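Here is a short tour of one protein model, written for someone who likes to know the cut-offs behind each term. Please have a look at the fold first, then read on.

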Amino acid sequence: MKTLKYLLVTMLLLGVCSLTYSQKLSLGIFPEPQEVTISSQTYAPPHGYALRGINDPDADAVRLLKEALPFAKSGKSLPLEIKKLKDKTPEMQRSGAYTLAITKKGITIGIVDDNSLFYAAQTLKQLAKYDEGKKILPLCSIKDYPDVLFRGTVEGFYGQPWRHADRIEQIRFYGRIKLNTYIYGPKDDPYHSSPNWRKPYPAEEAEHIKELAKEAAHNKVNFVWAIHPGQDILWNLTDSMNILSKFEKMYDLGVRSFAVFFDDISGEGARPEKQAGLLNYIHKEFITKKNDVQPLIM
């Protein structure tokens, strides 16, 4: 009992607490981390930080860290150590899981992969504040991991598709709030659906796809390009090859995730055994032959 009382008194003296949901939101951390322990104290680093730990950390995450924190160019510095997570619990081995500890002696980030470091950097950007021209950090420790494997949106509606600039901003927004999936499938894109799904995109539209895939990679978002061939598909080798040809062109534009949509169709294209046969063909002849693409989505 004495030990428990001593522990409680020590925690009160240090001003350390675990936060409620509303308190987490008041810190400006979104989405809320799984666990936050924070001191009532804040800290203005007297020196810039210097990276330590793993070699060649993710460049996009490092860019965010340099936006969030002062970095030392020379002389004295505080360590910003990046290390592999030792926590082997299943949730802490998920892509994107991380730990973050901010003390007066430095900052330590534990990661599983590049997504982990990127998400930790996004959290640091939200935590870092300015006070009289100086960066102020809360002394805290954070443990976070994704509850849901796929987090994002499908642009799959009828009507006017999003503008290219809006898609770019959407992807950047997804990166900031730790979403990881954007499926491109606007029904009124004629090169996604009928009548032109067999044809390559014109030069300007192709360049837009290339830019979207690149921006998604920078923001740790899986850019999935979907084809919607069911309205006029012919169940023959020619159209199966047409889909492979279109996927190959999208691959050349930087796409590494693919989907086939069979929604909103009727007639010959809606035959389930033919759809299954085509999906198996795509998996065998395209997906398994690429060493850097994601599993096919249907």
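## Helices α3 and α4

How close do the axes of helix α3 and helix α4 come, and at what angle do they cross? The axes of α3 (residues 59–68) and α4 (residues 114–127) come within 8 Å and cross at roughly 15 degrees. That makes α3 roughly parallel to α4; angles under 35 degrees count as roughly parallel, over 145 as roughly antiparallel, 65 to 115 as roughly perpendicular and the rest as oblique. Axes here are lines fitted to C-alpha atoms, for helices over the stretch in contact, with angles from 0 to 180 degrees between N-to-C directions. The crossing of α3 with α4 is left-handed, a term for a near helix turned anticlockwise from the far one by less than a right angle, with clockwise giving right-handed.

From α3, Asp60, Ala61, Leu64, Leu65, Glu67 and Ala68 meet Leu117, Phe118, Ala121, Gln122, Leu124 and Lys125 of α4. By class, this contact has eight nonpolar, one polar and three charged residues. Ala, Val, Leu, Ile, Met, Phe, Trp, Tyr, Cys and Pro count as nonpolar, Asp, Glu, Lys and Arg as charged, and the others, Gly among them, as polar.

## The model as a whole

This is a predicted model, in which local features need pLDDT of at least 70 and side-chain atom pairs count only at pLDDT 80 or more, while totals for chains, interfaces and linings use all residues. Residues are numbered from 1 along each chain as its sequence is written, and side-chain values use heavy atoms, leaving out hydrogens and water.

The protein has eight helices and 12 strands; these are DSSP runs numbered from the N terminus, with helices (H or I) of at least four residues and strands (E) of at least two. Its C-alpha atoms fill a box of roughly 75 × 50 × 35 Å along the principal axes. Of the 298 residues, 44% are buried, where buried means under 20% relative accessible area, exposed over 50% and partly exposed in between (1.4 Å probe, protein chains only).

## A buried threonine

Thr123 sits in helix α4 and is buried, with a relative accessible area of 0%. Beyond its neighbours within four places in sequence, Thr123 is in contact (heavy atoms within 4.5 Å) with Ile29, Tyr98, Leu100, Ile142 and Lys178.

## The parallel sheet

Four strands form an open sheet in the order β9-β10-β11-β12, with parallel pairing; two strands pair if DSSP finds at least two bridges between them. β9 (152–155) and β12 (257–260) stand at the edges with a single partner strand each, so one side of each has no neighbour in the sheet. On average, neighbouring strands of this sheet are turned by 20 degrees against each other, direction ignored.

Four bridges join β10 (residues 181–184) to β11 (residues 222–227), and Thr181 has Asn222 as its bridge partner in β11. Helix α5 (residues 164–176) packs on the sheet, touching β9 and β10. Helix α6 (residues 203–218) also packs on the sheet, touching β10 and β11. In β12, Ser257 and Ala259 on one side and Phe258 and Val260 on the other are all buried, so both faces are covered.

## Helices α7 and α8

The axes of α7 (residues 237–252) and α8 (residues 272–287) come within 11 Å and cross at roughly 50 degrees. That makes α7 oblique to α8, and the crossing is right-handed.
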